[in-house]
Structures are given as structure tokens and as C-alpha cells.
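Hi,

Here is the structure I promised to pass on. Have a look at it first, and then read on for what turned up.

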Amino acid sequence: MLKSRTLELYMKEHLSFYIFVGVVFVTGVVFGAVMVNALSIEQREEIARYLGNFFSSVHQGALDGEGAGSFREAFGMHIKWILLIWLLGISVIGLPLILILDFLKGVLIGFTVGYMVGTLSWKGLLFALVSVVPPNLVIIPVLIVCSVTAMAFTVHLVKNRFISRKGALYEPFMRFTGTMVGSAVLLVGVAGLEAYLSPVMMKWVTPMLLTLPGS
């Protein structure tokens with residue numbers, strides 16, 4: 001009962017943040033998908049050649065045995081993203097920058113999936129489903145939770161240190177930092193998925209994608 005009341009209170013206090021961050025992220029996804037249509041013919045051909053070479057490399061087993069290196073690279077990227085949100089959260093001017101990060105993440109995903117589907121139709125959708133979608137099923141909620149927690153802490157910081165000049169910061173700061181640490185632990189598993197499972201799944205579908213220029 002206590003946990004349900006705590007969760008209800010948490011959602012009541014942070015629901016507007018979640019809605020706002022969600023709208024920003026979805027806007028980024030839509031913007032990224034629309035960007036695909038703005039590419040010139042030369043840009044499309046260059047990306048197609050790059051993807052063709054990538055698909056060929058995956059099909060030939062270029063990613064085999066690269067698990068440890070891929071894990072370090074993926075986890076390092078995720079940790080930098082979490083650390084940046086944490087740093088922005090403890091700064092007064094960080095709130096709009098957190099929203100920009102969420103927007104850019106949406107743009108990246110929207111552009112990647114939009115280009116795959118727009119260029120390769122159902123084959124591109126299949127590749128996106130085995131390469132882009134699985135890790136982002138965890139990454140996106142984690143980043144949204146981190147962003148909302150950071151924004152809430154920033155608002156608390158402004159209210160209690162620059163407006164009313166009262167109120168404890170230690171407990172909110174520890175909750176905020178604890179959320180970041182817990183998120184980092186979850187992203188260890190995501191990095192493992194990207195390093196060891198995604199290459200296997202990509203290798204299954206790349207034979208159908210080797211008709212691109214440059215392959």
C-alpha cells in the first residue's frame with residue numbers, strides 16, 4: 001500500500017515532465033524521419049554505399065570476435081550520455097540542454113529507421129527491428145527517466161536555493177544520483193546486447209540486403 005501511494009505521488013508530481021519529455025522525443029523522431037526526404041541524390045548514394053559495405057562486412061563475419069571491444073564502445077557511449085545528463089541536472093542552466101539531448105536522440109533514431117524503411121522497404125524495417133529496436137527498447141525509457149529525474153532535481157534546486165533559500169538538497173540529490181547509477185547498471189546489459197546478440201541477428205538478415213550499391 002505504501003509503495004502504491006509513493007508511486008502515485010511520484011507520478012502526480014512528475015507526470016507533466018514525462019509528457020513534455022515524451023513529446024520532445026517523439027518530435028525528434030518525426031523530424032529525423034522527415035530529414036530523410038531532404039537528402040540529395042548524392043547524399044543518398046553515399047549513405048547507400050556505406051551501408052552496402054557495412055552489410056557485406058557483417059555478412060563476411062567482420063564483427064565476429066569483436067564482442068569485447070564493441071561492449072566497451074557501446075557502454076562508454078551510454079555512460080557518457082548518462083553522465084552528461086547528470087552534470088546538466090546539477091547545473092541551473094542544464095534543463096533546456098537536457099531537452100535538446102532528448103530531441104537529438106529522437107532525431108537519430110527517426111533518421112536511421114526512416115532511411116532504412118524508405119530505402120529498403122520491408123527489408124530495411126527488418127534490419128531496423130534486429131539492430132536498432134532491441135537496445136532502444138531499454139535505452140529510450142532509461143534516458144527519459146534520467147531526463148525527468150534531472151529536470152525535477154534542477155527545478156527543486158532552483159526553488160530551494162535561489163527562490164525560497166530553504167529546504168534540504170541531500171536527499172533529492174542522492175535519489176537523483178541513485179537513479180543515474182541504476183540506469184548505468186541497466187545499460188551494462190544493453191551494451192552486452194549490442195555487442196554480442198545484435199551482430200548475430202544482423203548476420204541473419206544481411207544476405208537479403210546485399211543488393212545495395214557498394215556491396
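Before the aromatic part, one rule: rings of Phe, Tyr and Trp (its six-membered ring) are taken as a pair if their centres lie within 6.5 Å. Planes under 30 degrees apart make a pair stacked, over 60 edge-to-face, and the rest tilted. Keep in mind too that this is a predicted model.

With that rule, the count is six aromatic pairs. Take Phe-153 and Phe-173: their ring centres are 6.0 Å apart and the planes sit at 55°, so this pair is tilted. Phe-153 belongs to helix H5 (residues 133–163) and Phe-173 to helix H6 (residues 170–205), so the pair ties together parts that are 20 residues apart in sequence. Is each of these two buried or partly exposed? Phe-153 has 6% relative accessibility, so it counts as buried, while Phe-173 is partly exposed at 28%.

Phe-153 has another partner, Phe-176. Here the ring centres are 5.2 Å apart and the planes are at 20°, so the pair is stacked. Again helix H5 meets helix H6: Phe-153 is in the former and Phe-176 in the latter, so parts 23 residues apart in sequence are tied together. Both Phe-153 and Phe-176 are buried.

Lys-105 lies over the face of Trp-81, 5.6 Å from the centre of the ring.

Now for the salt bridges. Side chains of opposite charge can pair when their charged atoms come close. How many salt bridges does the structure hold? There are two salt bridges.

- Arg-49 pairs with Glu-46, and their closest N and O atoms are 2.8 Å apart. Both residues lie in helix H2 (residues 41–59), three residues apart, which is about one turn of the helix. Arg-49 is partly exposed, with a relative accessible area of 36%, and Glu-46 is partly exposed as well, at 47%.
- Glu-171 and Arg-175 meet through their side chains at 3.0 Å, N to O. They are four residues apart in helix H6, so about one helical turn separates them. Glu-171 has a relative accessible area of 52%, and that makes it exposed.

On the surface there is also a nonpolar patch, made of Met-11, Leu-15, Ile-19 and Val-23, with about 340 Å² of accessible area together. To find your way there, look for Ile-19 in helix H1 (residues 2–37).

Two other spots are worth a click. Ser-131 has its place in helix H4 (residues 95–131), and with 14% relative accessibility it counts as buried. What does the side chain of Ser-131 reach? It reaches the backbone oxygen of Phe-127, at 2.6 Å.

The other spot is Leu-84, in helix H3 (residues 67–89). Leu-84 is partly exposed, with 37% relative accessibility. From Leu-84 to Gly-94 you go 10 residues along the sequence, and their C-alpha atoms are 9.7 Å apart in space.

Cheers

Technical notes: Residues numbered from 1 in each chain as written. Predicted model: local features only at pLDDT ≥ 70, side-chain atom pairs only at ≥ 80, totals over all residues. Heavy atoms only, no water. Helix = DSSP H or I, 4+ residues; strand = E, 2+ residues; numbered from the N terminus. Buried < 20%, exposed > 50% of the residue type's maximum accessible area, 1.4 Å probe, protein only. Lys NZ or Arg CZ within 6 Å of the ring centre and 35° of its normal. Patch = residues over 30% accessible without salt bridge, like charges linked within 9 Å, V, L, I, M, F, W, Y side chains within 5 Å. Areas by Shrake-Rupley, 256 points an atom, 1.4 Å probe, with all protein chains shown as cover. Salt bridge = Lys/Arg side-chain N within 4 Å of Asp/Glu carboxyl O. Polar contact = N/O pair within 3.5 Å; in protein donor to acceptor, adjacent residues only side chain to side chain.
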